[in-house]
Amino acid sequence: MLRGQKALVTGANSGIGLATAVALGRAGADVVVNYVFGQEAAEDVVRQIRGFGVRAFACEADVSDERQVVGMFARMLEEFGTIDILVANAGLQRDAPVTEMTVEQWHKVIDVNLTGQFLCAREATKEFLRRGVVPEVSRSAGKIVCMSSVHQIIPWSGHLNYAASKGGVLMLMQTLAQELGPHGIRVNAVAPGAIRTPINRSAWETPEAEAELLRLIPYRRVGDPDDIAAAVTVLVSDLMDYVVGTTLFVDGGMTLFPGFATGG
Ligand code: BGC
């Protein structure tokens, strides 16, 4: 489905990023596996992807650091020649009630989750614009998927920095989509709900915690990274060529106000 396309996935050595990088490789894309810590895990992902007969390499870069992001794109262009797909996935949480939240916690989350997406989108866009559409490769001049969250619309007490960053991602994505649409570039977001990854381990690791979490999910199952990876893969393919500026919620219904199933 993505044969001949070159993809970069940030934060690709764990969780949703890992599953997405592997899925894009399985669909035929060559993949850059970005990571910031955990080189071994990243090399492992690279090996898995190469097993599909496509190219892959690991690239260390902190997405919140402009110089490192510029360096990463330079390396990708050198090794792969171009970029067709950016999955701006890298993200983290630093949770605290508002009165205890330090400005460092605030900045860290905004820097990685929001500024990181801006920097990567900016660099990818430069190459999309330079190259334009190559019809044998894809109908569009480039695809960007911003990894968002149900918390781009659901307020989340104790996670002010995170919710604000994802609210920001929504507007980042929509504004980019509006600005870049005329150039044949498609920008969209995927908004996962509760997915079983290291970021939210405490929410599912005990049976009690998982039962509590399931009350927030009408479909009554915690998601897997592969649920998100599949959504991203289809979204960046030409099957979805007319989808521009949209958020695809992949959340088992978490955004359906499950409290109202009985209340209200
Ligand atoms: C957060 C997880 C949380 C999920 C649903 C995600 O964006 O990173 O920690 O479980 O949203 O609330």
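**View 1. A nonpolar patch on the surface of the predicted model.** Four residues make up this patch: Val-98, Val-103, Trp-106 and Leu-160. Val-98 sits in the loop between strand S4 (85-88) and helix H4 (103-131). Its relative accessibility is 58%, so Val-98 counts as exposed.

**View 2. Helix H2 and its buried face.** H2 covers residues 39-50, 12 residues in total. From first C-alpha to last, H2 reaches 16 Å. That is close to the 16 Å expected at 1.5 Å a residue. Its buried residues are Ala-42, Val-45, Val-46 and Ile-49. Seen down the axis of H2, these buried residues fall within an arc of 100°, so they line one face of the helix. An α-helix has 3.6 residues a turn, so residues three or four places apart point the same way.

**View 3. The two sides of H2.** What do the buried residues of H2 pack against? Their partners are helix H1 (15-26), strand S2 (30-35) and strand S3 (56-60). The face turned away from the buried side of H2 carries Glu-40 and Arg-47, both exposed.

**View 4. Helix H1, largely enclosed by the rest of the structure.** In H1, 10 of the 12 residues are buried, so the rest of the structure largely encloses this helix. Among the buried residues are the glycines Gly-15, Gly-17 and Gly-25. Ile-16, Val-22 and Leu-24 are also buried in H1, as are Ala-19, Thr-20, Ala-21 and Ala-23. The end C-alpha atoms of H1 are 17 Å apart. At 1.5 Å a residue, its 12 residues should span 16 Å, which agrees. Gly-28 follows H1 and has a positive phi, near 110°.

**View 5. Arg-220, a residue with positive phi.** Most residues other than glycine have a negative phi. Arg-220 is not a glycine, yet its phi is positive, about 55°. Arg-220 lies in the loop between helix H7 (207-214) and helix H8 (225-236). Is Arg-220 buried or exposed? Arg-220 has a relative accessible area of 51%, above the 50% cut-off, so it is exposed.

**View 6. Phe-257, with a positive phi in a residue other than glycine.** The phi of Phe-257 is near 50°. Where is Phe-257 found? Phe-257 belongs to the segment after strand S7 (247-250). With a relative accessible area of 60%, Phe-257 is exposed.

Technical notes. Residues numbered from 1 in each chain as written. Predicted model: local features only at pLDDT ≥ 70, side-chain atom pairs only at ≥ 80, totals over all residues. Heavy atoms only, no water. Patch = residues over 30% accessible without salt bridge, like charges linked within 9 Å, V, L, I, M, F, W, Y side chains within 5 Å. Areas by Shrake-Rupley, 256 points an atom, 1.4 Å probe, with all protein chains shown as cover. Salt bridge = Lys/Arg side-chain N within 4 Å of Asp/Glu carboxyl O. Helix = DSSP H or I, 4+ residues; strand = E, 2+ residues; numbered from the N terminus. Buried < 20%, exposed > 50% of the residue type's maximum accessible area, 1.4 Å probe, protein only. Expected span 1.5 Å × (residues − 1). Arc of directions from axis to C-beta. Contact = heavy atoms within 4.5 Å.
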